[in-house]
Amino acid sequence: MNPPAIEFLGVNKWFGATHVLREVSLRVAPSERIVICGPSGSGKSTLIRCVNGLEPYQGGTIRIAGRDLTPARIPAVRRDVGMVFQHFNLFAHLTVLENCTLAPIHARGTGRRAAEARAREELARLAIADLAPRYPGQLSGGQQQRVAIARALCLDPGVMLFDEPTSALDPEMVGEVLDTMTALARRGMTMLCVTHEMGFARRVADRVVFMDEGQIVEIAPPGAFFDHPEHPRTRDFLSRLL
């Protein structure tokens with residue numbers, strides 16, 4: 001049996017005296033799509049940022065493909081775990097194509113010609129091949145976020161993490177990014193996504209995780225989560241959001 005793609009075992013984290021993750025345990029199977037939701041400050045983004053070492057944690061264990069996440073393993077994990085942020089984080093002085101080839105060339109040692117071919121393939125899959133020669137400042141927010149997704153995919157990651165990828169977008173740009181993520185899910189990518197886009201969660205997620213005050217309160221398939229939430233805190237959250 002294959003090990004979980006990601007496994008959290010009693011993970012704890014503090015920011016100073018603030019206990020932001022409290023005994024969090026969760027198993028994500030290969031090709032599983034997990035959506036994490038919850039109120040602001042519940043620990044959602046912190047949890048996924050621990051996966052690739054962007055945030056250190058002080059207790060418990062995180063395993064990637066069956067192996068413990070240690071400081072020495074973080075560079076290798078970052079090559080196999082793609083991440084898409086709220087604010088794109090594209091290099092403004094590089095073209096779209098250069099943004100997409102930077103990590104394969106410097107992190108994996110891929111030759112420039114091969115890296116460019118791979119980048120053009122991914123840009124074409126996401127229907128933005130025509131953006132290759134442009135600079136980020138010439139793109140809309142939705143286009144920039146789709147480029148950020150393509151950039152992450154150019155490393156051929158086994159897992160994709162999304163940290164509220166539509167929260168910084170104008171409403172009319174949200175749909176194109178969610179469509180891109182939906183298409184990615186159909187390719188069988190393992191995904192861990194923090195989002196408040198509940199329509200996307202219902203359509204794409206295998207399971208929805210609700211967090212509050214640093215803890216996992218409820219986990220359920222989308223149908224049960226939205227139609228028959230068990231925990232009062234989940235019901236209150238959904239009533240406000242929906």
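Helices (H or I, at least four residues) and strands (E, at least two) are taken here as DSSP runs, numbered from the N terminus. On that basis the protein has nine helices and 10 strands. The model is predicted, so that local features need pLDDT of at least 70 and side-chain atom pairs count only at pLDDT 80 or more, whereas totals for chains, interfaces and linings use all residues. Residues are numbered from 1 along each chain as its sequence is written, and side-chain values use heavy atoms, with hydrogens and water left out.

**Overall dimensions and surface**

- The radius of gyration, taken over C-alpha atoms, is compared with a globule rule of 2.2 Å times the number of residues to the power 0.38; because a compact globule of 242 residues would come out near 18 Å, the 18 Å of the protein agrees with the rule.
- The C-alpha trace spans about 50 × 40 × 40 Å along its principal axes.
- Of the 242 residues, 52% count as buried, where buried means under 20% relative accessible area, with a 1.4 Å probe and protein chains only.
- Among contacts (heavy atoms within 4.5 Å) with a separation of 6 or more, 67% are between residues 24 or more positions apart.

- Strand 4 (residues 59-64) runs antiparallel to strand 5 and is joined to it by two bridges, with Ile64 standing opposite Arg67 of strand 5.

**Strand 9 and its partners**

- Strand 9 (residues 207-212) is mostly covered, since five of its six residues are buried.
- Strand 3 (residues 33-37) pairs with strand 9 in the parallel sense over four bridges, and Ile34 has Arg207 in strand 9 as its bridge partner.
- Strand 10 (residues 215-220) runs antiparallel to strand 9 and is joined to it by five bridges; here the bridge partner of Val208 is Ala220 in strand 10.
- The hairpin of strand 9 and strand 10 has two residues between the strands, and in this hairpin Glu213 takes a positive phi near 50°.

Methods:
Buried < 20%, exposed > 50% of the residue type's maximum accessible area, 1.4 Å probe, protein only. Pairing = 2+ DSSP bridges.
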